Amino acid sequence: MPDADELDDEEEMPLSLRLSIADTLTLGNATCGFMAVYFTTTGILIPHLTGSQETGMARHSAATAVILMLCAAVFDLFDGLVARKLRSSPMGAELDNLSDLISFGLAPAYFVLVYGMVADDAHQRVAAVGGIVVLLAVVLRLARFSCVTVKDGTFQGMPSPFGALTVVSIVLLELPFVATLMAIIGTAWLMVSRVEYPKPRGRLAGAMLSWIVLSMALLAAWAFDAPGGQLLLQTGCALQLVMGAVIPLFATARRVNNFRGNRREARAAQLP
C-alpha cells in the first residue's frame with residue numbers, strides 16, 4: 001500500500017504539471033530567446049538611440065544575441081531527443097511551441113526590426129514589416145505543425161530554428177537593404193511552404209550540432225575583431241543561406257528514390 005505522504009504528493013502535483021527533463025531543456029530554449037531580445041535591446045538599440053559611438057559594444061551584443069539563438073536551437077534539438085529516449089510531460093508539446101515562438105519567432109523578428117533602425121541604408125518602417133512577416137510565418141508554421149500530420153522523418157517547410165538562423169545570417173551579411181528584405185521574406189515563405197526538410201536525426205543531428213558550434217566560433221571571432229573575423233562570419237552566413245536552399249534536395253532525392261524502389265517492387269511482383 002502506498003504511504004499517505006505519497007498520496008498527498010500526487011494530489012498536490014497533478015501529472016500534467018510535472019516537468020520532465022525534456023521540458024526543462026525546452027524552458028532553457030525560451031530563456032535563451034528572451035535573453036537574445038535583451039542583448040539586442042541593451043547592446044544595439046539603446047546605444048543607437050542615445051547616440052553612443054561604441055561600435056565594438058554593438059558588435060559584441062549582436063554576436064551574443066545570435067549565439068543565444070544558437071543555444072536555443074541546441075536546447076530545441078536535445079529536448080526532442082531526450083523526449084524520445086525518456087519521456088515528456090503532457091504539456092511538453094505546448095511548451096515546445098511557446099518556447100520556439102519566443103526564440104525563433106520573436107527574437108529574429110526583433111533583430112530585423114532593430115537592424116532597420118540602426119543600419120545606414122535601411123528603412124525602419126519597411127524593416128518592421130519584414131520583422132512582422134518573420135513573426136507571422138513562425139506563428140503559422142507552429143500552428144500548422146500542431147494540426148497537420150506529415151510523413152515521419154520530414155518537416156513540411158523550413159524548421160523555425162533553421163529559419164531564424166537564416167534570417168539573422170541574412171542581416172549579418174550586410175547586403176543592400178532591398179536584397180536583405182527580399183531574402184528575409186523568401187525565408188519566411190520557405191517556413192510556411194510545403195517544401196520538405198529532413199528532421200535532424202542520427203548523423204544529420206550530429207552535423208547540425210557541429211555546424212552550430214562552428215557558427216558560435218565564427219561569431220566569437222567576429223565579436224572580438226579577430227584577424228579575418230569579418231570574412232569568416234560572412235562566409236558562414238553565406239553557407240547558412242546555401243544550406244537552406246540545398247538541404248530540401250536531400251528530402252526530395254530520398255522521396256524520388258523511395259518512389260523508384262516502390263515501382264521496382266511493384267513490377268517485380270507482377271512478373272510470373
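Ser-160, Gly-163, Thr-166, Val-167, Ile-170 and Val-171 in helix 6 meet Thr-180, Ala-183, Ile-184, Thr-187 and Met-191 in helix 7, where contact means heavy atoms within 4.5 Å. Helices here are DSSP runs of H or I with at least four residues, strands are E runs of at least two, and both are numbered from the N terminus. The model is a predicted one, so local features need pLDDT of at least 70 and side-chain atom pairs count only at pLDDT 80 or more, while totals for chains, interfaces and linings use all residues. As for bookkeeping, residues are numbered from 1 along each chain as its sequence is written, and side-chain values use heavy atoms, with hydrogens and water left out.

Back to the helices. Two packed helices are described by the angle between their axes and the distance between the axes. For helix 6 and helix 7 the packing angle is about 175° and the axes are 9 Å apart; axes are lines fitted to C-alpha atoms, for helices over the stretch in contact, and angles run from 0 to 180 degrees between N-to-C directions. Helix 6 and helix 7 are therefore roughly antiparallel, given that angles over 145 degrees get that label, under 35 count as roughly parallel, 65 to 115 as roughly perpendicular and the rest as oblique. The contact of helix 6 with helix 7 splits into six nonpolar, five polar and no charged residues. In that scheme Ala, Val, Leu, Ile, Met, Phe, Trp, Tyr, Cys and Pro are nonpolar, Asp, Glu, Lys and Arg are charged, and the others, Gly among them, are polar.

Helix 7 also packs against helix 5, at an angle of about 10° and with the axes 8 Å apart, so this pair is roughly parallel. From helix 5 the contact draws on residues including Val-126, Gly-130, Val-134, Arg-141 and Arg-144, and from helix 7 on Phe-177, Leu-181, Ile-184, Ala-188, Met-191 and Val-192. By class, the residues of the contact of helix 5 with helix 7 come out as 13 nonpolar, one polar and two charged.

Aromatic pairs come next, and the structure holds three of them; rings of Phe, Tyr and Trp (its six-membered ring) pair if their centres lie within 6.5 Å, with planes under 30 degrees apart counted as stacked, over 60 as edge-to-face and the rest as tilted. One of the pairs, Tyr-115 with Phe-177, is stacked, at 6.3 Å centre to centre and 25° between the planes. That pair ties together distant parts of the chain, with Tyr-115 in helix 4 and Phe-177 in helix 7 (residues 177-192), 62 residues apart. Tyr-115 is buried at 11% relative accessible area, and Phe-177 is buried at 7%; buried means under 20% relative accessible area, exposed over 50% and partly exposed in between, using a 1.4 Å probe and protein chains only.

Phe-145 and Phe-155 make a tilted pair, because their ring centres are 6.2 Å apart and their planes sit at 45°. Phe-145 belongs to helix 5 (residues 124-147) and Phe-155 to strand 1 (residues 154-156), ten residues apart. Phe-145 is partly exposed at 43%, whereas Phe-155 is buried at 16%.

Glu-174, in the loop between helix 6 (160-172) and helix 7, has a positive phi near 55° without being a glycine, and it is exposed at 56% relative accessibility. Asp-225, in the loop between helix 8 (203-223) and helix 9 (229-270), also has a positive phi, about 55°, and is not a glycine either; Asp-225 is exposed at 57%.

Leaving out residues up to four places away in sequence, Gly-33 touches Ile-102, Ser-103 and Ala-107. The C-alpha atoms of Gly-33 and Ala-72 are separated by 6.5 Å, although the two residues are 39 apart along the chain. Asp-96, in helix 4 (residues 92-118), is buried at 18% and, neighbours within four places aside, is in contact with Thr-26, Asp-76 and Asp-79.

Overall, the protein has nine helices and two strands, and 43% of its 272 residues count as buried.
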